[in-house]
Amino acid sequence: GAGPILLEMKTYRFAGHSRADTGPYRPEGELDRWLERDPIKLYAARLIENGDLTEADVDGLTDQAKAMVEETVEQSLASPVPDVSAMFTNIYGSG
């Protein structure tokens, strides 16, 4: 804690670039190996193993997160389409 640090975060995209992308470029078994390393699932398993959460707690948190996403999508779809000029607001360095 006495100075700057660097965090390297390696990620993996579970889904294709679009609905049409079935991922034929992935080697056999690659996706399955990465799914086994899903940090959310691994952390949930550790919390359950340590007695910090129960499976019901994890299920409840998962349901809560899904509900928040669904609510946000609904709000976004119900919002009016912004004016084209809005794309230039809140841009760093755009005075």
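This is a predicted model: local features need pLDDT of at least 70, side-chain atom pairs count only at pLDDT 80 or more; totals for chains, interfaces and linings use all residues.
**Confidence**

The chain has an average pLDDT of 93, and 98% of its residues score at least 70. Among the elements of the chain, helix α3, which covers residues 55-78, has the highest mean pLDDT, at 97. The lowest mean among these elements, 95, belongs to α1.

**The segment before α1**

Helix α1 spans residues 30-36, and Leu7 is found in the segment that precedes this helix. Together with Ile5 and Met9, Leu7 makes a nonpolar surface patch of about 400 Å². The relative accessible area of Leu7 is 61%. Leu7 therefore counts as exposed, because its value lies over the cut-off of 50%.

Asp21 also has its place in the segment before α1. Is Asp21 buried or exposed, and which side chain of opposite charge is nearest? Asp21 is buried, and the nearest such side chain is that of Arg13, 4.3 Å away.

Helix α2 consists of residues 39-49, and its N-terminal end is capped by Asp38. In this cap, a side-chain oxygen of Asp38 lies 2.9 Å from the backbone nitrogen of Ile40.

Just after α2 comes Gly51, which takes a positive phi of about 80°. Gly51 is placed in the loop between α2 and α3. Between the C-alpha atoms of Gly51 and Thr62 the distance is 18 Å, and the two residues are 11 apart in sequence.

**Helix α3 and the segment after it**

Ala56 is found in helix α3. Along the chain, Ala56 and Met68 are 12 residues apart, and 18 Å separates their C-alpha atoms. In general, an α-helix has 3.6 residues a turn, so residues three or four places apart point the same way.

Beyond this helix, Asn90 lies in the segment after α3. Although Asn90 is not a glycine, its phi is positive, at about 60°.

**Exposed residues**

The table lists the relative accessible area of residues described above.

| Residue | Relative accessible area | Class |
|---|---|---|
| Leu7 | 61% | exposed |
| Gly51 | 59% | exposed |
| Ala56 | 58% | exposed |
| Asn90 | 81% | exposed |

Why does Asn90 count as exposed? Asn90 is placed in this class because its relative accessibility is 81%, and exposed means over 50%. Ala56, at 58%, also counts as exposed.

Definitions and conventions: Residues are numbered from 1 along each chain as its sequence is written. Side-chain values use heavy atoms; hydrogens and water are left out. Patches are made of residues with over 30% relative accessible area and no salt bridge: like charges are joined within 9 Å, nonpolar side chains (Val, Leu, Ile, Met, Phe, Trp, Tyr) within 5 Å. Accessible areas come from the Shrake-Rupley method with a 1.4 Å probe; for residues, only the protein chains shown count as cover. A salt bridge is a side-chain nitrogen of Lys or Arg within 4 Å of a carboxyl oxygen of Asp or Glu. Helices (H or I, at least four residues) and strands (E, at least two) are DSSP runs, numbered from the N terminus. Buried means under 20% relative accessible area, exposed over 50%, partly exposed in between (1.4 Å probe, protein chains only). pLDDT is the predictor's confidence in each residue, from 0 to 100. Lys and Arg count as positive and Asp and Glu as negative; His and the chain ends are not counted. A polar contact is a pair of N or O atoms within 3.5 Å; within protein, one must be able to donate a hydrogen and the other to accept it, and residues adjacent in sequence count only if both atoms are side-chain atoms.
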